[in-house]
Amino acid sequence: MDHIQTKVENLKEEMIANRRFFHSHPETGWFTFFTTAKIASIMKGYGYTLKMGREVVKPEARQGLGTKEAMQKYLERAKSLLSKEEQEFLPVMEDGLTGLVAEIDTGRAGLTTAFRFDIDGVDVTESREASHRASKDGFRADIDGIMHACGHDGHITIGLALARIISENLDDFNGKFRFIFQTAEEGTRGAVGMEPTGILEGIDYLLGGHIGFQAKKSGGIICGTNKLLATSKFDVNFKGRSAHAAGAPQEGANALLAAAEAALAMHAITRHADGVTRINVGVLRAGEGRNVIAPNGYIACETRGETTELNEFMYQRCMDIINGVSIMHGVEYDVKLTGGTSGGDSSKEVAELYEKAALESPYIKNELIVKELDFGACEDFAHFMQAVQKAGGKSGYLMIGTDLAAGHHNCCFDFDESALLAGVDVFLRSVYMLNGK
């Protein structure tokens, strides 16, 4: 083993234990109180300076918050799981200002290298089947309706292991290191709430990635992920007037028809010649009775685009349609943004950095190294990535190969835990190349 692999191997058992620990206590959205407090406690112990609460989240910039009742429920759950000392981190999170940023300075001039790791789970009830490893080995989610079904428990683990190795070997490096533990990635809600606080200022390199997705074999890696789609997620409520459907239909304003017509028209939006665009209306609810002109209509929608500009094209067309059908049917409407992120491509320099690190890594098979691949989906990291690139920094997103027991967001999702070692190793080798003395 070289010195990097030795450092990684020494934390193997700790990483597996951490992954299973976080897997067993999942949280979603902005309500990652327990997860944030645990990470904060660990990072503080490693000697990192912490920023939390309003220092890392702008309250009014958040999207898709959830109810106050749900917030209180998950806050109380977090209290029951945390030690008294760990509970001291909770007040600063207020009504869901979760997530944190941790930084450590070598005291020597050099690059500021940052990492982003997402920490939230998915709204999925985990399988209880005996063949499912988490059930069999005793680390199944302790709550129904929430599960780490996308690998974010692994991302937390990789981040903590990387942070520990850097802090314990600080004399090997120059510059500064910043760790962004982001909540509310699912639904692309978190980055827009965190970026306005200035957490990306001064970053020269922002590194991030994901376990699995297109990297579907253990020992594989995708070094440069491109065409991360921009997206806007929004709810529309139409407000009409009820009336007797036979006796006085002229007195009504049909919100059901407005919602239905909007859904059909959105799916008929002309696609753009400059790249991939998407639209989906995933939910339509309306009406109160068979013989009642529907006074209410609701649609849950999302647009996507290969670039931020293409997504904006789709979103604006949707707004035109919503306004038009409301005039046609004499109804009122309101639009509520529930999530969204930018599009973008990994910086070539970062893709090459990952490739060089992968070629040296004993956990990556050379024949399974893919230098670049189009993602064709959305990831909240793209919002951070684009912001860093616009400021003159470099940023890139990798995918760590793993054999999967089931697909992402499936109730039987599980990954090969060797991916934890591969992820830490590639990131650490990248750090030595960027910040090593």
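1. Basis. The model is predicted, so local features need pLDDT of at least 70 and side-chain atom pairs count only at pLDDT 80 or more, while totals for chains, interfaces and linings use all residues. Residues are numbered from 1 along each chain as its sequence is written, and side-chain values use heavy atoms, with hydrogens and water left out.

2. The sheet of 8 strands. An open sheet with mixed pairing has the strand order E1-E2-E4-E3-E5-E12-E6-E11. Strands (E, at least two residues) and helices (H or I, at least four) are DSSP runs numbered from the N terminus, and two strands pair if DSSP finds at least two bridges between them. At the edges are E1 (49-52) and E11 (369-374), each pairing on one side only. Neighbouring strands are turned against each other by 25° on average, direction ignored.

3. E3, E5 and helix H13. The pairing of E3 with E5 is parallel, over 4 bridges. Thr113 has Tyr205 in E5 as its bridge partner. Helix H13 (residues 418-435) packs on this sheet and touches E3, E4 (176-182), E5, E6 (221-226) and E12 (394-400); contact means heavy atoms within 4.5 Å. The direction of H13 makes about 165° with that of E5. Axes here are lines fitted to C-alpha atoms, for helices over the stretch in contact, and angles run from 0 to 180 degrees between N-to-C directions.

4. H2 against H13. Helix H2 (residues 12-23) crosses H13 at roughly 115°, and the two axes come within 10 Å. The crossing is right-handed (the near helix is turned clockwise from the far one; left-handed is anticlockwise by less than a right angle). Lys12, Met15, Ile16 and Arg19 in H2 meet Leu420, Leu421 and Val424 in H13. By class, this contact has 5 nonpolar, no polar and 2 charged residues. In this classification Ala, Val, Leu, Ile, Met, Phe, Trp, Tyr, Cys and Pro count as nonpolar, Asp, Glu, Lys and Arg as charged, and the others, Gly among them, as polar.

5. The sheet of 4 strands. The order in this open sheet is E8-E9-E7-E10, with antiparallel pairing. E8 (277-286) and E10 (332-341) each have a single partner strand, so one side of each is left without a neighbour in the sheet. The twist from one strand to the next averages 15°. E7 and E9 run antiparallel and are joined by 10 bridges; the bridge partner of Thr231 is Arg304 in E9. Helix H10 packs on the sheet, with contacts to E7, E8, E9 and E10, and its direction makes about 10° with that of E7.

6. H9 against H10. Helix H9 (residues 255-267) and H10 (residues 308-329) pack at about 145° with their axes 9 Å apart, in a right-handed crossing. On the H9 side the contact residues are Leu257, Ala258, Glu261, Ala262, Ala265 and Met266, which meet Cys318, Ile321, Ile322, Val325, Met328 and His329 in H10. This contact divides into 10 nonpolar, 1 polar and 1 charged residues.

7. Cavity. There is 1 cavity of 30 Å³ or more, and the largest cavity holds about 50 Å³. On a 1 Å grid over the protein atoms alone, a cavity is a set of points where a 1.4 Å probe fits but cannot get out; a pocket is an open set with protein on both sides within 12 Å along at least five of seven lines; lining residues have an atom within 4 Å of a point. Points are joined across faces, edges and corners, and a volume is the space filled by probe spheres set on them. The lining consists of Arg116, Phe117, Asp118, His155, Ile158, Gly208, Gly209, His210, Ile400 and Phe427. E3 (112-118), H7 (152-168) and E5 (205-211) each supply at least two of the lining residues.

8. The largest pocket has a volume of about 800 Å³. It is lined by 34 residues, of which Glu186, Gly187, Thr188, Arg189 and Lys233 are the closest to its centre. E7 (230-239) and E9 (296-305) each supply at least two lining residues; E9 gives the most, with 4. The lining has 12 nonpolar, 12 polar and 10 charged residues.

9. His408. This residue lies in the loop between E13 (404-406) and E14 (414-415). Not counting residues up to four places away in sequence, His408 touches Ala149, Cys150, His210, Ile211, Gly212, Phe213 and Phe413. His210 is also one of the residues that line the largest cavity.
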